[in-house]
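This report covers helix packing, the nonpolar core and a few local backbone features. The sequence and structure come before the details.

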Amino acid sequence: MPDHIHTIPVLDALREPKACAFCVMYEKLESDSIQFVMGPSYMEDDVRMETNKIGFCKRHLDAMYAQQNRLGLGLMLHTHMQQINKDISDIVKGRVAVSFFGKDKNNTIGRLKGHLQKTHESCYVCKKVENTFERYIDTFFHIWAKGGEDAKLIKSQNGYCLPHFIKLLEAAENLGRGKREKFLDEIMPAQQERLKEMENDLEWFTLKFDHRNADEPWKNSKDALPRAIEMLGGSV
């Protein structure tokens, strides 16, 4: 696979002094996607058509509300609400067949529930971010397989959050056996070391609550809880 536009953000994230380069990538993608939606794009017919159909999750609605572009958000939510009301009206009138949960295809409540749940659980920003993020993972493996100076950045990483580490393990399944073993040999030591450090910091954090250790230094454990939460769940 030749170098492409996704190489730059992946390399930039690998250069960031942070525990998980993929959290850096995801945060940047998410920020850019929200800026895109809240920028002039909300006036474009194709974007509005898609947001009307898909909608937004609560997390990204809150993020867009924080952008202070109340007019743009109001316009998008207005037309999205129009679409929802139209869909509900069509279902109640029995003019449209949609997917639903339940055995009886003529059950209006089941059809309404299925349609609204599908809409409620979808998100334009999530979809936009995930589509690009998957290509970033492909680019990561492209950089690693290519070798050279850029690949050294991967070897120098000090571990990843567990959700993104799992994604790497899943993607590594597509490598040939030899490459897969080589990849694991390169990333596992740092990952295990990072997790062990986290375990030790959490242990010392709890021991500091013992009065016998009150005068002992915190070492690297004072912020152990937020770091552990980020390690276990990612920063996004």
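## Helix 10 and helix 11

Helix 10 crosses helix 11 in a left-handed sense; left-handed applies where the near helix is turned anticlockwise from the far one by less than a right angle, and right-handed where it is turned clockwise. Helices here are DSSP runs of H or I with at least four residues, numbered from the N terminus. Helix 11 covers residues 224–233, and the two helices pack at about 145 degrees with axes 10 Å apart. Axes are lines fitted to C-alpha atoms, for helices over the stretch in contact, and angles run from 0 to 180 degrees between N-to-C directions.

On the helix 10 side, the contact (heavy atoms within 4.5 Å) is made by Gln-191, Arg-194, Leu-195, Met-198, Asp-201, Leu-202 and Phe-205. Helix 11 contributes Ala-224, Leu-225, Arg-227, Ala-228 and Met-231. By class, this contact has 8 nonpolar, 1 polar and 3 charged residues. The nonpolar class holds Ala, Val, Leu, Ile, Met, Phe, Trp, Tyr, Cys and Pro, the charged class Asp, Glu, Lys and Arg, and the polar class the others, Gly among them.

## Basis of the model

The model is predicted: local features need pLDDT of at least 70, side-chain atom pairs count only at pLDDT 80 or more, and totals for chains, interfaces and linings use all residues. Residues are numbered from 1 along each chain as its sequence is written, and side-chain values use heavy atoms, with hydrogens and water left out.

## Helix 9 and helix 10

The axes of helix 9 and helix 10 cross at roughly 165 degrees and come within 11 Å. The two helices are therefore roughly antiparallel to each other, a term for angles over 145 degrees. Their crossing is left-handed.

Neighbours within four places aside, Leu-175 is in contact with Phe-141, Trp-144, Arg-180 and Phe-183.

## Nonpolar core

The largest nonpolar core has 44 residues, and Phe-22, Phe-140 and Phe-141 have the most contacts inside it. Such a core is a set of buried Ala, Val, Leu, Ile, Met, Phe, Trp, Tyr and Cys residues joined through side-chain atoms within 4.5 Å. Buried means under 20% relative accessible area, exposed over 50%, and partly exposed in between (1.4 Å probe, protein chains only).

Not counting residues up to four places away in sequence, Phe-22 touches Phe-133, Ile-137, Phe-140, Tyr-160, His-164 and Leu-168. Thr-7 lies in helix 1 and counts as buried because its relative accessibility is 9%. Outside four places in sequence, Thr-7 is in contact with Thr-139 and Ile-143.

## Positive phi angles

Most residues other than glycine have a negative phi. Gln-68, not a glycine, has a positive phi of about 75 degrees. Gln-68 is in the loop between helix 4 (58–65) and helix 5, and at 55% relative accessibility it counts as exposed.

Lys-219 also has a positive phi, near 55 degrees. Lys-219 lies in the loop between helix 10 and helix 11 and, at 64% relative accessibility, counts as exposed.

Key:
Angles under 35 degrees count as roughly parallel, over 145 as roughly antiparallel, 65 to 115 as roughly perpendicular and the rest as oblique.
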